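Trainee: Let us go through this model by question and answer, beginning with a ligand site and then turning to charged pairs.

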Amino acid sequence: MRERIVSGMRPTGKLHLGHYLGVIQNWVELQHKYESFFFVADWHALTTKYDKTENLKNDVIDVAIDWLASGIDPEISTIYVQSLVPEIAELNIYLGMVTPQNWVERDPTLKDMAKILRSKEGQNSQISYGLMGYPVLMSADIMMMNATHVPVGIDQVAHIEITRDIARRFNNVYKEEFFNEPQPILNHCSLICGLDGNKMGKSFQNDIKISDTEEVTAKKIMTAITDRSRLRKTDLGHPDECEVAFKYWTIFGTEEQVAKVRCECEKGERGCADCKRQLGALINEKFSEIREKRRYYEAHIDEVKDILNEGSKKARTEAQKIISHVRELINMY
Ligand code: TRP
Ligand code: SF4
């Protein structure tokens with residue numbers, strides 16, 4: 001059997017370049033090598049936003065559009081919606097039974113999520129039972145397709161560790177080497193920071209969206225932090241202290257382009273405004289094809305919905321095979 005990957009994202013609305021560079025780009029490559037399953041984790045969205053579901057349906061579609069536009073190919077990958085595969089919820093129950101409580105309690109990613117949740121004003125500071133179950137549900141997602149690998153960002157690796165532990169434990173308890181112990185696949189691309197130098201994130205308003213227009217992108221890039229000690233074009237610049245703009249050059253530019261920027265900056269022959277105008281143009285060029293595809297899918301939402309429904313059916317067929325074996329192993333009626 002060809003090795004399988006499963007990965008998902010919560011429907012947080014339109015995705016940004018951090019999602020693209022950190023995760024999606026990796027999926028696009030891997031889909032040619034692995035049998036691939038990519039899903040929108042709408043149940044996971046509820047773990048923190050169960051009371052803010054007005055945009056949930058739209059957010060699911062937006063994420064799917066960003067994936068399709070970025071090159072996830074529904075002809076070779078299965079793209080689906082978590083909640084349209086109810087077998088995942090059943091597996092979640094079984095996995096919950098074999099998972100010791102302290103495994104989820106010490107999950108560092110979950111601890112961080114809880115901290116953020118508590119710090120947000122207006123959020124009920126109680127951590128819900130559903131949120132505590134986050135890593136178990138994630139394990140159900142992964143094990144539902146009996147994945148061998150899970151391509152994720154570094155922030156998700158702790159969750160995958162738990163999945164491996166749960167898979168091993170399940171196999172031990174029910175005395176069959178049925179589930180794979182899935183390995184994370186990390187992206188080698190360096191993490192892109194936000195325009196203000198902090199982690200790129202929607203809630204920090206420091207992101208560039210895949211869906212942003214060229215004008216919006218150009219405007220946003222002009223706000224990127226540069227070498228703060230530099231006031232005039234003729235001041236000698238320090239690219240390595242140019243917190244955001246130069247970093248973006250190293251991500252998007254060719255080696256020659258980066259060398260040229262560095263040299264001109266250091267000699268005081270390059271103004272920051274000009275430099276960022278060029279950078280904006282470069283990023284717009286990189287994303288022009290993706291954005292064009294995005295506009296196509298936005299104008300053909302029914303096609304996107306068909307892809308999600310078809311993919312969910314396919315995922316369900318796989319899930320049913322696994323769940324019937326699991327029921328047998330446990331001796332369910
Ligand atoms: N927790 C992941 C995130 O926030 C989303 C996710 C849910 C996931 N289930 C998964 C990722 C299973 C990989 C595999 O990005
Ligand atoms: Fe940064 Fe470019 Fe300004 Fe140099 S010229 S400090 S690389 S923005």
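Trainee: Which helices each supply at least two residues of the shell around ligand 2?
Mentor: The model is predicted, so local features need pLDDT of at least 70 and side-chain atom pairs pLDDT 80 or more, while totals for chains, interfaces and linings use all residues. Residues are numbered from 1 along each chain, ligands from 1 in the order written, and side-chain values use heavy atoms without hydrogens or water. Helices are DSSP runs of H or I with at least four residues, numbered from the N terminus. The helices are H11 (245-252), H12 (255-266) and H13 (272-299).

Trainee: How many charged residues does the shell around ligand 2 have?
Mentor: A residue is near a molecule if one of its heavy atoms lies within 4 Å of it. The residues around ligand 2 include Asp227, Arg230 and Arg270. With Asp, Glu, Lys and Arg counted as charged, the number is three.

Trainee: What parts does the salt bridge of glutamate 243 with arginine 228 tie together?
Mentor: A salt bridge puts a side-chain nitrogen of Lys or Arg within 4 Å of a carboxyl oxygen of Asp or Glu; here the closest N and O atoms are 3.0 Å apart. Both residues lie in the loop between helix H10 (214-221) and H11, so the pair ties together parts that are 15 residues apart in sequence.

Trainee: Is arginine 270, a salt-bridge partner of glutamate 264, buried or exposed?
Mentor: The closest N and O atoms of this pair are 3.0 Å apart. Buried means under 20% relative accessible area, exposed over 50%, partly exposed in between (1.4 Å probe, protein chains only). Like glutamate 264, arginine 270 is buried.
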